[in-house]
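This report goes through one protein model, from its overall dimensions down to single residues. The sequence and the coordinates come first.

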Amino acid sequence: MTFETISETTSFGGTQGYYRHESDVTGCPMRFSVFTPPAGEDGNVPVLWYLSGLTCTEDNATVKAGFQRVAAELGLMIVCPDTSPRGDDVPDVPEWDFGQGAGFYVDATVEPWAKNFRMYSYVAEELPALIAARFPADMARQGITGHSMGGHGALTLFLRNRGTYRSVSAFAPIVSPLNCPWGQKALPGYLGDDTAAHAAHDACALLRAHGPVETTILVDQGLADPFVDNQLKPKLLEEVATEVGQKLMLRRHPGYDHSYFFIATFMEDHLRHHAELLA
């Protein structure tokens with residue numbers, strides 16, 4: 001697998017790096033960022049995956065979330081993948097909520113998306129193998145988090161791969177793509193009319209079908225978020241958690257919107273939540 005270091009910069013005693021590799025899964029070059037804490041010089045450290053939202057890249061959280069200081073203190077490696085395959089040979093559409101930048105962390109089965117849009121397998125399998133091979137990562141201690149579409153990805157990857165991740169959290173996640181316009185566009189668009197395949201990428205449906213997990217799910221939601229009522233619908237996750245007995249810490253914050261000002265405010269809480277469970 002071709003691997004390239006784009007840049008590496010010292011930050012809070014650790015290393016913030018950007019990297020690129022040729023992905024067999026997506027059929028194109030993929031970029032990602034990794035923050036390796038100072039503790040990585042002495043041995044393998046736990047890994048926290050951060051999945052970004054619609055229109056974002058590996059750069060958004062790396063630059064705007066402000067995780068490096070606390071991650072260095074806690075000894076957490078932070079890995080930020082891109083949100084989709086990209087390139088002139090990768091299919092796309094003009095809409096901002098579908099195609100490039102909007103992979104939705106699924107493996108597409110519908111043409112022309114099926115060849116490249118396989119972000120579920122990329123995040124769950126291919127990129128972890130690369131991280132394990134090239135970085136001081138303790139893959140027995142993984143957590144996952146994300147924002148919006150990436151929060152959907154974090155919740156569904158966690159619930160579909162029980163035992164892979166020890167901890168999970170999300171910022172303003174799409175909790176039920178089956179029941180919101182973004183999901184009702186993306187799931188049929190990538191997966192066709194297979195309703196069972198749609199449900200396999202819906203956190204609420206997964207919890208209802210397979211029951212609770214032992215760990216507490218942490219979710220933060222801003223109440224000034226313009227998407228909270230028609231797209232994100234945190235109350236649906238709250239209702240299912242109560243129904244199946246899932247431990248859920250759903251924190252609602254007046255005045256906060258969907259931006260990285262919101263994420264940066266509560267990022268430290270999420271890092272400490274994960275660090276405690278990954279210790």
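In which helix is Ala132 found? Ala132 is found in helix α3. The model is predicted: local features need pLDDT of at least 70, side-chain atom pairs count only at pLDDT 80 or more, and totals for chains, interfaces and linings use all residues. Residues are numbered from 1 along each chain as its sequence is written, and side-chain values use heavy atoms, with hydrogens and water left out.

**Overall dimensions**

The protein has ten helices and nine strands. Helices (H or I, at least four residues) and strands (E, at least two) are DSSP runs, numbered from the N terminus. The radius of gyration of the protein is 17 Å, close to the 19 Å that the globule rule gives for 279 residues, so the protein is as compact as a globular protein of that length. That radius is taken over C-alpha atoms, and the globule rule is 2.2 Å times the number of residues to the power 0.38. Along the principal axes, the C-alpha trace spans about 45 × 40 × 35 Å.

Of the 279 residues, 58% are buried. Buried means under 20% relative accessible area, exposed over 50%, and partly exposed in between (1.4 Å probe, protein chains only). The protein exposes about 10,900 Å², and carbon and sulfur atoms supply 50% of that area. Accessible areas come from the Shrake-Rupley method with a 1.4 Å probe; for residues, only the protein chains shown count as cover.

Contact means heavy atoms within 4.5 Å. Among contacts between residues at least 6 apart in sequence, 71% join residues at least 24 apart. The mean positions of the 20 positive and 34 negative charges are 4 Å apart. Lys and Arg count as positive and Asp and Glu as negative, while His and the chain ends are not counted. The place of a charge is taken as NZ of Lys, CZ of Arg, CG of Asp or CD of Glu.

**Helix α5**

Helix α5 covers residues 181-191, and its buried residues are Trp182, Gly183, Ala186, Leu187, Tyr190 and Leu191. They cover an arc of only 100° around the axis, which puts them on the same side of α5. The arc is that of the directions from the helix axis to the C-beta atoms. An α-helix has 3.6 residues a turn, so residues three or four places apart point the same way. The cover over the buried residues of α5 includes α6 (195-199) and α8 (228-232). After α5 comes Gly192, with a positive phi near 75°.

**Backbone exceptions in loops**

Tyr105 is in the loop between β5 and α3, and is buried at a relative accessible area of 0%. Ala172 sits in the loop between β7 (167-171) and α5; Ala172 is also buried, with 0% relative accessibility.

The loop between β5 (77-81) and α3 (119-134) also holds Pro112. The peptide bond from Glu111 to Pro112 is cis, with omega near 5°.

**Selected residues and distances**

| Pair | Separation along the chain | C-alpha distance |
|---|---|---|
| Phe35 and Tyr18 | 17 residues | 8.9 Å |
| Ser52 and Glu22 | 30 residues | 20 Å |
| Glu8 and Gly99 | 91 residues | 30 Å |
| Ala132 and Met249 | 117 residues | 31 Å |

Phe35 lies in strand β3 (residues 28-36) and is buried, at 0% relative accessibility. Leaving aside neighbours within four places in sequence, the contacts of Phe35 include Ser11, Gly14, Phe67, Ala71, Leu76 and Ile78.

Ser52 belongs to the loop between β4 (45-51) and α1 (59-64), and counts as buried at 1% relative accessibility. Not counting residues up to four places away in sequence, Ser52 touches Thr57, Thr83, Tyr105, His147, Met149, Gly150 and Tyr260.

Glu8 lies in strand β1 (residues 3-11). With residues up to four places away in sequence not counted, Glu8 touches Thr15, Gln16, Gly17 and Tyr19.
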